[in-house]
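Hello,

Below is the structure I said I would pass on. My notes on it follow.

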Amino acid sequence: MGKETMSRGALIVFEGCDRCGKTTQCAKLKEKLVDEGEDVELVKFPDRTTPIGKLINSYLQMTEELDDRVAHLLFSSNRWEAMELMKKKLKAGTTLIVDRYAYSGIAYSSAKGMDLDWCKNPDVGLIQPDTVIYLSVSEEIASQRSHYGGERYEKLEFQKKVHKNFLELQEPYWEVVPGDASVDDIHKQIHSIVRKTINQSKSKPLLKL
Ligand code: DGP
Ligand code: NA
Ligand code: NA
């Protein structure tokens with residue numbers, strides 16, 4: 001068949017603190033791209049449905065205690081167990097919108113005081129995103145939204161550290177999007193970034209972190 005069947009989908013990752021609006025924006029972006037005729041799927045990490053994900057869920061809900069390193073490695077394993085299928089889908093032309101990825105692993109774990117390089121290692125080799133959308137929410141807005149769900153990391157002081165860590169992880173393929181504007185304005189900004197990414201990624205090889 002022609003060139004079109006050869007072009008791959010894009011790997012679009014959303015990152016940000018808890019309550020930054022990521023999940024809403026992922027859903028809106030998917031809807032818009034589907035309307036435009038793109039083949040697109042949502043992926044969410046942690047994926048709480050797998051055996052490893054169920055353990056992570058218990059840990060986040062604080063019904064299970066784990067050594068910090070064990071928790072870190074489980075989050076990473078939860079990404080690794082999805083990699084083969086993600087690679088297959090990308091190669092088949094499906095664009096993946098991913099809600100959290102390896103950067104969450106590093107930003108959250110290192111906010112506990114864990115060594116940064118140690119935290120980075122387990123995710124080395126995962127597929128590199130084509131674009132990371134970092135939804136940056138001001139402290140003002142974050143504190144207004146601070147009725148967190150009560151999971152392990154949902155505390156303002158901790159989130160401030162996570163935000164600072166995220167900003168130190170920026171790569172050339174990151175786009176920091178201010179998350180304080182209206183849902184629709186943020187969506188428009190993200191959509192124009194992602195449109196470009198999808199067009200530019202078609203003929204690029206998949207790289208690794
Ligand atoms: P969410 O389902 O997006 O609310 O994420 C669950 C929580 O887990 C959230 O506080 C962010 C945190 N998290 C996500 N990925 C990782 C990771 O790889 N490592 C650690 N330590 N925390 C993570
Ligand atoms: Na936040
Ligand atoms: Na959360």
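Two strands count as paired if DSSP finds at least two bridges between them. The model is predicted, and the notes below should be read with that in mind.

**Strand 4 and its partners**

Gly16 stands opposite Leu135, a residue of strand 4. That is one point along the pairing of strand 1 with strand 4: the two run parallel and are joined by five bridges. Strand 4 is also joined to strand 5 (residues 174-178), again by five bridges and again in parallel. In that pairing, Ile133 stands opposite Glu175 of strand 5.

Is strand 4 enclosed or open? Six of the six residues of strand 4 (residues 131-136) are buried, so the rest of the structure largely encloses it. Buried here means under 20% relative accessible area. In a regular strand, side chains alternate between the two faces of the sheet. For strand 4, both faces are covered. Thr131, Ile133 and Leu135 are buried on one side, and Val132, Tyr134 and Ser136 are buried on the other.

**The sodium ion**

Which residues of the protein are donors to the sodium ion (ligand 3)? They are Asp18, through OD, and Glu154, through OE, at 2.3 to 2.7 Å from the ion. Asp18 lies in the loop between strand 1 (11-16) and helix 1 (22-35), while Glu154 lies in the loop between helix 6 (139-144) and helix 7 (156-168). The two are 136 residues apart in sequence, so the pair ties together parts of the chain separated by that distance in sequence. Both Asp18 and Glu154 are buried.

**The chain as a whole**

The chain has eight helices and five strands. Starting from the N terminus, the elements come in the order β-α-β-α-α-β-α-α-β-α-α-β-α. The radius of gyration is 17 Å, close to the 17 Å that the globule rule gives for 209 residues, so the chain is as compact as a globular protein of that length. Along the principal axes, the C-alpha atoms fill a box of roughly 55 × 35 × 30 Å.

Of the 209 residues in the chain, 47% are buried. The accessible surface comes to about 10,900 Å², and 52% of that belongs to carbon and sulfur atoms. Among contacts between residues at least 6 apart in sequence, 81% join residues at least 24 apart.

Regards

Note on methods. Residues are numbered from 1 along each chain as its sequence is written. Chains are lettered from A and ligands numbered from 1 in the order in which they are written. This is a predicted model: local features need pLDDT of at least 70, side-chain atom pairs count only at pLDDT 80 or more; totals for chains, interfaces and linings use all residues. Side-chain values use heavy atoms; hydrogens and water are left out. Donors are N, O and S atoms within 2.8 Å of the metal (3.2 Å for Na, K and Ca); water is not among the atoms, so sites may look incomplete. Helices (H or I, at least four residues) and strands (E, at least two) are DSSP runs, numbered from the N terminus. Buried means under 20% relative accessible area, exposed over 50%, partly exposed in between (1.4 Å probe, protein chains only). The radius of gyration is taken over C-alpha atoms; the globule rule is 2.2 Å times the number of residues to the power 0.38. Contact means heavy atoms within 4.5 Å. Accessible areas come from the Shrake-Rupley method with a 1.4 Å probe; for residues, only the protein chains shown count as cover.
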